[in-house]
Amino acid sequence: MPGQYPLPVFHFSVQWGGNRLGFSEVTGLTQENQVIEYRDGSFPEYSSIKMPGLRKFSNITLKRGVVKSDNDFYKWLTTIKLNTVERRDLTISLLNESHEPVMVWKIHNAFPVKVEGPQLKAAANEVAIESIEIAHEGMEVQNE
């Protein structure tokens, strides 16, 4: 179609239940179906058949610049106690130039599994970035 271009990835928003919404990077929006291989001993072919198995979701990593007195990532991580954790639903939206969602990933029952502080380097000339890795139980993709 003339005039139709792929969407750029640099304009997005994340709603995750914390105070600040600004993130510099989101990775891990991946889902896959695992494959089950099966072969019956009397099967005439000398190979197995393949069937779709369980769906698997990758962990999602969110990165953002460190801001003084903002430790929402660590507070969420400390909700993990033995076999319980504060779970949250996340909404990640790819936005158009009018700041409207054009593609949305809805993440279900997410919880933090890893928080990583910035890499400190005396000769660096960049922003301090922290990241959080999040496990979840499902993802829906919606085109607006």
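Predicted model: local features only at pLDDT ≥ 70, side-chain atom pairs only at ≥ 80, totals over all residues.
Residues are numbered from 1 along each chain as its sequence is written, and side-chain values use heavy atoms, with hydrogens and water left out.

The whole structure holds 4 aromatic pairs (rings of Phe, Tyr and Trp, the last by its six-membered ring, with centres within 6.5 Å; planes under 30 degrees apart are stacked, over 60 edge-to-face, the rest tilted). One of them joins W16 and W76, tilted, at 5.7 Å centre to centre and 40 degrees between the planes. W16 lies in the loop between β1 (12-15) and β2 (25-27), and W76 in helix α1 (residues 72-77), 60 residues apart. Helices (H or I, at least four residues) and strands (E, at least two) are DSSP runs, numbered from the N terminus. W16 has a relative accessible area of 0% and is therefore buried (under 20%; exposed is over 50%, partly exposed in between; 1.4 Å probe, protein chains only). W76 is buried too, at 1%.

F23 and F73 form a stacked pair, 6.0 Å centre to centre with 20 degrees between the planes. This pair connects the loop between β1 and β2 with helix α1, across 50 residues. Both F23 and F73 are buried. W16, F23, F73 and W76 make up one aromatic cluster. The charged end of R64 sits over the F73 ring, 4.2 Å from its centre.

Methods:
Lys NZ or Arg CZ within 6 Å of the ring centre and 35° of its normal.
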